[in-house]
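Please keep the sequence and the structure open while reading.

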Amino acid sequence: MTEPASLQEAVTAALDTVTDPELDRSLVELGFAGASVDGPGRVTVELRLPTYWCAPNFAYLMVQDAHDAVARVPGVESVSVRLLDHFAAEEISSGVAAGRSFDDAFDELADGGGLDALRRLFHVKAFVARQEPLVRRLLRAGRTPAEVARMRIADLEPAGVDGLEYLEKRRRLGLSIDPTAPLAVRPNGQPIAAEELIPYLDRARATRVSVEANTTFCSSMLATRYGKVEVKE
Amino acid sequence: MAYKHNGEDIFVVDSHVHFWDASPANWRADARVYAEGWISCFYDYHKNLSPPEWVWPLPKYQKYTEQDLMKDLFEDGYVDVAIFLPTYLKDWYTNGFNTIDQDAVMAEKYPDRFVLNGRWDARDGEAGRKRLREEHKRWGFKGVKLYTAEWKGASKGWKLTDDESRRFLDLCAELGIVNIHVHKGPTIWPLNRDSFDVADVDDVATAYRDAGLRFIVEHCGLPRLEDFCWIGTQEPNVYGGLAVVMPFIHARPRYFAEVLSEMLWWIGEDRLTFASDYALWSPKWLVEKFMAFELPQDIKEQKGVDLTLEGKRKILGLNAAKLYDLQVPAAKVAAG
């Protein structure tokens with residue numbers, strides 16, 4: 001039998017791997033979610049979002065991901081994820097509990113395409129938002145765009161925190177992280193030519209600013225809505 | 001009260017204001033939870049981004065008076081002209097949240113102070129177009145506010161590119177209603193896609209450019225700022241409405257600088273319009289902080305943009321004055 005204290009830790013650690021798909025930050029870090037062990041093998045996750053109107057598709061992904069991540073923890077037998085204070089809380093919580101897809105849960109309000117395209121769209125944004133400051137750092141260090149365009153992943157030595165984060169987002173998109181692969185690639189894996197690098201980075205910067213502005217706004221809205229959020233440890 | 005900078009008057013147009021009634025008496029019995037959820041969300045925005053001394057008690061926030069409106073905008077708020085952007089939400093509020101009729105009472109009483117805008121909903125079809133014609137005949141709109149995420153029965157939203165929407169846009173072009181304010185929201189069909197996507201703005205901006213329509217994207221497309229920036233560079237008839245962006249100037253000045261500098265870089269100072277989104281926020285402190293604001297040096301250098309006094313004048317009023325053919329007193333036209 002698992003010790004309750006360690007199960008609690010394992011469950012919280014599992015929840016910490018779940019991210020807000022738009023902000024690309026951990027639900028635990030953002031203060032959005034907390035898990036508690038209510039009984040032997042029984043876990044309840046509570047999810048609070050910055051507004052009553054947070055987009056239901058994102059909420060669904062978070063509830064579903066939280067459910068799946070916690071359910072995989074050894075010793076967990078049942079998981080209940082409660083989405084609180086949200087206009088679609090009922091449809092989302094019960095939909096995930098019953099193992100339904102978003103399209104099934106929202107039936108005529110969805111077009112049958114599921115949430116995979118949405119998730120990928122935001123993985124792309126996260127990748128681009130990490131890539132831009134990394135490449136700018138390389139340029140600031142004195143490399144020309146042509147030199148950056150010729151770099152391989154192995155040339156990123158030492159990789160640094162920003163480099164490792166970039167590679168992680170790149171791996172998640174299904175792109176090669178082989179040391180011999182070109183370092184600066186588009187979200188579809190195509191290398192970025194020297195003359196395209198600066199315009200590419202300018203667009204990437206707008207993406208980064210957008211993601212960062214949304215993150216700061218959403219996390220402060222959560223604080224406004226709930227005061228200091230108690231994440232049960 | 002006029003805003004003076006070094007003795008010169010600054011012309012201020014608040015391009016997005018409301019006179020709403022979200023008091024419990026106006027909540028529909030079958031939609032109380034949504035009616036309350038809507039105004040509570042606004043109130044959180046208000047509390048989150050306002051300076052503490054500007055935070056109202058909730059009951060006042062739910063329903064404020066004509067005196068509040070006139071004082072906050074014109075006596076204290078430095079606003080010369082304010083533009084009403086109606087938001088109906090009749091599925092939740094018995095008399096609507098902020099309707100043309102509510103706004104018209106003020107606009108008719110203070111014709112020099114307010115611009116009254118219309119609205120339409122693509123799902124209203126032919127009946128909606130008939131109504132738009134009638135309302136336009138009565139009030140002579142120069143603009144409309146479109147809220148594509150509005151709920152209507154089972155529907156949770158619509159797109160600008162819908163066939164019915166295009167019929168309304170055709171009618172706007174015919175009637176000379178040229179300023180199309182677009183507000184994206186969190187629920188739009190299909191619900192599984194990104195409901196804040198502004199791609200439909202791109203399509204109609206191209207299609208209606210020659211017809212003279214201008215698309216003012218409220219909140220500069222937030223939370224999809226980057227898509228808006230890209231559209232803005234492609235389409236000369238796309239503008240950024242700074243409602244919701246403005247109050248970041250107090251609570252998150254670094255992000256305000258980052259976001260505004262992106263707007264200046266991609267869209268430019270000629271196509272951005274100031275707005276408080278009153279009563280979400282109040283113009284007085286926004287105008288004061290904006291006039292005192294300077295872009296941080298590192299942002300200026302990295303992006304090669306600046307916010308000059310000339311740019312501030314355009315954003316605060318002169319750009320909107322052009323869009324709405326507003327008379328700017330000679331003393332306020334001069335660049336500083």
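## Overall form of chain B

The model is predicted. With 336 residues, a compact globule would have a radius of gyration near 20 Å, and because chain B has 19 Å, it agrees with that rule. Along the principal axes, the C-alpha trace of chain B spans about 50 × 45 × 40 Å.

Chain B contains 14 helices and 11 strands, and 62% of its 336 residues count as buried. Among its contacts between residues at least 6 apart in sequence, 76% join residues at least 24 apart. The accessible surface of chain B comes to about 12,300 Å², with 50% belonging to carbon and sulfur atoms. As for charge, chain B carries 42 positive and 52 negative side chains, and the centres of these two sets lie 2 Å apart.

## Overall form of chain A

Chain A has 9 helices and 3 strands, which follow the pattern α-α-β-β-α-β-α-α-α-α-α-α when read along the sequence. Its C-alpha atoms fill a box of roughly 60 × 45 × 35 Å along the principal axes, and buried residues make up 54% of the 233 residues in the chain.

In chain A, residues 24 or more positions apart account for 65% of the contacts with a separation of 6 or more. The chain has 27 positive and 35 negative side chains, and the centres of the two sets lie 6 Å apart.

In soluble globular proteins, nonpolar side chains tend to be buried together. The largest nonpolar core in this model has 160 residues, and those with the most contacts inside it include A:Val45, B:Trp20, B:Leu69 and B:Trp120. Helix 3 of chain A, residues 56-71, gives the most to this core, with 9 residues. A second, separate core of 25 residues includes A:Met151, A:Ile153, A:Leu167 and A:Ala204.

Which residues surround B:Trp120, leaving aside its neighbours within four places in sequence? Its contacts include B:Leu132, B:Val144, B:Leu146, B:Trp158, B:Phe168, B:Leu169 and B:Cys172, and also B:Lys145 and B:Ser165.

## Backbone details in loops

Most residues other than glycine have a negative phi, and most peptide bonds are trans. The peptide bond from A:Glu157 to A:Pro158 is cis, with omega near 0°, and A:Pro158 is found in the loop between helix 7 (145-150) and helix 8 of chain A. In chain B, the bond from B:Trp189 to B:Pro190 is cis, with omega near -10°; B:Pro190 has its place in the loop between strand 8 (179-183) and helix 7 (199-207).

A:Asp107, in the loop between helix 5 (102-106) and helix 6 (116-140) of chain A, has a positive phi near 35°. B:Tyr78 has a positive phi near 70° and lies in the loop between helix 3 (66-75) and strand 4 (81-84) of chain B. With a relative accessible area of 8%, which is under the 20% cut-off, B:Tyr78 counts as buried.

## The loop at A:Pro179

A:Pro179 lies in the loop between helix 8 (160-172) and helix 9 (197-226) of chain A. Because its relative accessible area is 47%, A:Pro179 is partly exposed. Not counting residues up to four places away in sequence, A:Pro179 touches A:Arg152, A:Ile153 and A:Ala154, and A:Ile153 is one of the residues of the second core. From A:Pro179 to A:Leu156, 23 residues apart in sequence, the C-alpha to C-alpha distance is 9.1 Å.

Key: Residues numbered from 1 in each chain as written. Chains lettered and ligands numbered in written order. Predicted model: local features only at pLDDT ≥ 70, side-chain atom pairs only at ≥ 80, totals over all residues. Heavy atoms only, no water. Helix = DSSP H or I, 4+ residues; strand = E, 2+ residues; numbered from the N terminus. Rg over C-alpha atoms; globule rule 2.2 N^0.38 Å. Buried < 20%, exposed > 50% of the residue type's maximum accessible area, 1.4 Å probe, protein only. Contact = heavy atoms within 4.5 Å. Areas by Shrake-Rupley, 256 points an atom, 1.4 Å probe, with all protein chains shown as cover. Lys, Arg positive; Asp, Glu negative; His and termini not counted. Charge placed at Lys NZ, Arg CZ, Asp CG, Glu CD. Core = buried A, V, L, I, M, F, W, Y, C linked by side-chain atoms within 4.5 Å.
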